[in-house]
Number of protein chains: 2
Amino acid sequence: MAFTFARRIQHAPASFLGELFRVSADPSIISFAGGLPSSGLIDTDGIAAAARDVFTADPRSALQYSTTDGYLPLREYIAERYRRRLGIPATADEIQIVNGSQQCLDLFAKIFLNPGDRVGMERPGYLGAIEAFSLYEPVFEAVPLDPDGPDPVAFTKMTKETPVKFFYGIPNSQNPSGCTYSQDRREEIAECLDGTDTVFYEDDAFGELFFDGKPRLPVKHYLPGQSVISGSFSKITAPGMRIGWMYAPTEILSAFNTAKQAADLHSNFLCQQILARYLQTNDLDTHIKKIVSVYSRQCRLMCDLFDDLMPRLSHTTPEGGMFLTATLPVGLSAMQVFREGIGHKVAVLPGMPFFVDGGGEDTIRLNFSNAGEDQINEGMHRLAGVINGLSRI
Amino acid sequence: MAFTFARRIQHAPASFLGELFRVSADPSIISFAGGLPSSGLIDTDGIAAAARDVFTADPRSALQYSTTDGYLPLREYIAERYRRRLGIPATADEIQIVNGSQQCLDLFAKIFLNPGDRVGMERPGYLGAIEAFSLYEPVFEAVPLDPDGPDPVAFTKMTKETPVKFFYGIPNSQNPSGCTYSQDRREEIAECLDGTDTVFYEDDAFGELFFDGKPRLPVKHYLPGQSVISGSFSKITAPGMRIGWMYAPTEILSAFNTAKQAADLHSNFLCQQILARYLQTNDLDTHIKKIVSVYSRQCRLMCDLFDDLMPRLSHTTPEGGMFLTATLPVGLSAMQVFREGIGHKVAVLPGMPFFVDGGGEDTIRLNFSNAGEDQINEGMHRLAGVINGLSRI
């Protein structure tokens, strides 16, 4: 029989990621195309010990159904960390546990978007968000990013002429660009939105990964009642447990909780308990310092190799996170570089899927967290061979 | 600021479950209102041992990101079990891992429903499905259940006059009624749907829990290309890991997978590995026999106590599962019994939320899996006090 799917799924953007994953599975390829944190930096011993504790303490509770909002000690830890790190008056009842912050994208769009509603995005914007939001059939308004954040003129114009239900941004070490909003730009955006009906959705997957170890004040600091922050343990402890959270005003969180309950009742309770135990018995700050020192070196190495080996290419210089974006020399296309790269056993991610309104053909995204220094060195030499070879044609 | 939520969430049915959970948290109350499997029957030692094995073998992989479809050995186990138990030619590429079968409800509705599309439901129908589907703004068509399954006349009428995108049913030990479709009714329904554009969605949360230990052939056996089955480990291993699956034709599964990726990338990989290891090193059949023998005794005790203590009330007599439904004597309302019950420290679930088109005011659902025999005995005596007291008024 022929199945008649909903309009939303018929119009889902064809995901390039399937091809990418297939291609990158070849172990002889050095891949900068993915988005994995370093497996080597996962504290497997610490998490294993926490798991043992949970199985010793009260495994029947950890393995039973639980409440939709999430494990209270974990929500309290998250709220306390906001208060301590950022001086933001978060409380546990403003925190909802989810299956990694990707689920925030789905549920937030679900509670806010009717088909045809407008959503503001950075240009380029995060692919996972574009995929999640697209299923609710919005109209995207893309605001170009400059090195300090969303272009203020375009942002103001959007606010006045085509107001959006919410604006989705990644102020800290943005994916894919690697850029971080300046503090002034955060204030400017908050002022621009203050008093409008637009919510600012701050995806903060990377805020703990600044190379200088210093936290940046979120947009929410300037716009407390009108913004939400999604957070994730994937980059600072382990992605495989799929635990993230939404931090939002209680009115939003109440609708969000209804959607979460309908979506899957609650997140994995065993792992919520393991993670909470891990955080109680280990110093997350010390662990994060270790991650940051490795990513910082890997990022600098990648940038240096770009400058040394591919001087005709320009690239962003991240202050943190896991990604940077490079702009190819005139005449080169990202798809050429991707395909030729695969032939030379190095994978990069073409920039087009990050552009909701087209473009990006001359950009590639590179991940520097999941390849060690030797691999980065070898991979960048391979990439230089590709880029410089294609440039000469 | 005032937030303008999407239409779908503004119209979400007010969940009665919140009040219920608050009320049932009082430890002095004996609750038959919830839907938990027995904590005492969770094999905590076996799962702890499996967890130790996973942390010993390759914890970096278990804690890293993984693929959307799910852990292959787990999908192979599920497919092999369908082949062995039911003689159905399932393969791993027809299985998608999800966060408990509740997530199947959300994602299935997401890929099939445009607002206003029709969905067929049993009357009474599963509350969790009503909540999940409602967010996609369908029109529900309710087909009354008789003891053998959906009423065939009403089912045929629906198929001809108000055809639905899919019909959602629980043929095995239905929630809330406790009824099981007869084999003839399954065939009849399959014949009725064969060649139409309606998909049969078979929620099989309880198919492993028949008291006689005998599997029933699913509707999918008679309608292979036009039906899907959702399954869950929550009732046969542990709910806290939130692992279930969708078994569907690959064309449906491909769209389902797209929605799953957008929703949360993939399900908890650590627990997928723990569960797969557990299933490789333990005999699930033996474990299920233990569960079934306990639930069977508890169910019989509850039925007997109804007959002995509350003869004016009628009730279903389940062949398996975790629930039964009772119909109150004329003149009594479920809300009266619920409220008076709380006063007498016994909780039951009023039937109304299971009726998409109103009704059910004279029905209550009782769970018999999560209270031991002593509790059932004491709780049913309390309930008899309530029922018989109210009947005399």
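In this predicted model, 59 residues of chain A are in contact with 59 residues of chain B. On the chain A side of this contact, H11(A) is the element that gives the most, with 9 residues. One part of the contact is the crossing of H11(A) with H6(B), whose axes come within 5 Å.

**Contact between chain A and chain B**

- Seven helices of chain A are listed below as the elements that give two or more residues to the side touching chain B: H1, H3 (44-57), H4 (59-62), H6 (101-112), H7 (127-134), H11 (250-264) and H12 (269-281).
- By class, the chain A side comprises 33 nonpolar, 17 polar and 9 charged residues.

**Crossing of H11(A) and H6(B)**

- The axes of H11(A) and H6(B), the latter covering residues 102-112 of chain B, cross at roughly 105 degrees.
- An angle from 65 to 115 degrees counts as roughly perpendicular, and H11(A) is therefore roughly perpendicular to H6(B).
- From H11(A), the residues Ala262(A), Ala263(A) and Asp264(A) meet Gln102(B), Gln103(B) and Asp106(B) of H6(B).
- In H6(B), 11 of the 11 residues are buried, so the helix is largely enclosed by the rest of the structure.
- The buried residues of H6(B) include Gln102(B), Gln103(B) and Asp106(B), which are the residues that meet H11(A).
- Also among the buried residues of H6(B) are Cys104(B), Leu105(B), Leu107(B), Phe108(B) and Lys110(B).

**Domains of chain A**

- Chain A is divided into domain 1, formed by 7-36 together with 286-392, and domain 2, formed by 67-281.
- The C-alpha centres of domain 1 of chain A and domain 2 of chain A are 25 Å apart.
- Their contact takes 30 residues from domain 1 of chain A and 29 residues from domain 2 of chain A.
- On the domain 1 side, helix H1 (7-10), helix H13 (284-309) and strand E11 (323-327) of chain A each supply at least two residues.
- H13(A) gives the most to that side of domain 1 of chain A, with 6 residues.
- The domain 1 side that touches domain 2 of chain A has 15 nonpolar, 9 polar and 6 charged residues.
- H1 of chain A supplies residues to this domain contact and also gives two or more residues to the side of chain A that touches chain B.

**Overall form of chain A**

- The secondary structure of chain A consists of 15 helices and 14 strands.
- The radius of gyration of chain A is 21 Å, close to the 21 Å given by the globule rule for 393 residues, so chain A is as compact as a globular protein of that length.
- The C-alpha trace of chain A spans about 65 × 55 × 55 Å along its principal axes.
- Of the 393 residues in chain A, 55% are buried.
- Among contacts in chain A with a separation of 6 or more, 75% are accounted for by residues 24 or more positions apart.

- Gly70(B) is placed in the loop between helix H4 (59-62) and helix H5 (72-86) of chain B.
- Gly70(B) has 25 other C-beta atoms within 10 Å and is therefore buried, as 20 or more are required.
- Leaving aside residues up to four places away in sequence, Gly70(B) touches Arg75(B), Gln96(B), Ile97(B), His266(B), Ser267(B) and Gln272(B).
- Gly70(B) and Met335(B) are 265 residues apart in sequence and, from C-alpha to C-alpha, 43 Å apart in space.

Key. Residues are numbered from 1 along each chain as its sequence is written. Chains are lettered from A and ligands numbered from 1 in the order in which they are written. This is a predicted model: local features need pLDDT of at least 70, side-chain atom pairs count only at pLDDT 80 or more; totals for chains, interfaces and linings use all residues. Domain bounds come from an automatic or database domain assignment. Two residues are in contact if their C-beta atoms, placed from the backbone, lie within 7 Å. Helices (H or I, at least four residues) and strands (E, at least two) are DSSP runs, numbered from the N terminus. Ala, Val, Leu, Ile, Met, Phe, Trp, Tyr, Cys and Pro count as nonpolar, Asp, Glu, Lys and Arg as charged, and the others, Gly among them, as polar. Axes are lines fitted to C-alpha atoms, for helices over the stretch in contact, and angles run from 0 to 180 degrees between N-to-C directions. Angles under 35 degrees count as roughly parallel, over 145 as roughly antiparallel, 65 to 115 as roughly perpendicular and the rest as oblique. The radius of gyration is taken over C-alpha atoms; the globule rule is 2.2 Å times the number of residues to the power 0.38. A residue is buried if 20 or more other C-beta atoms lie within 10 Å of its own, exposed if 12 or fewer, and partly exposed in between; C-beta atoms are placed from the backbone.
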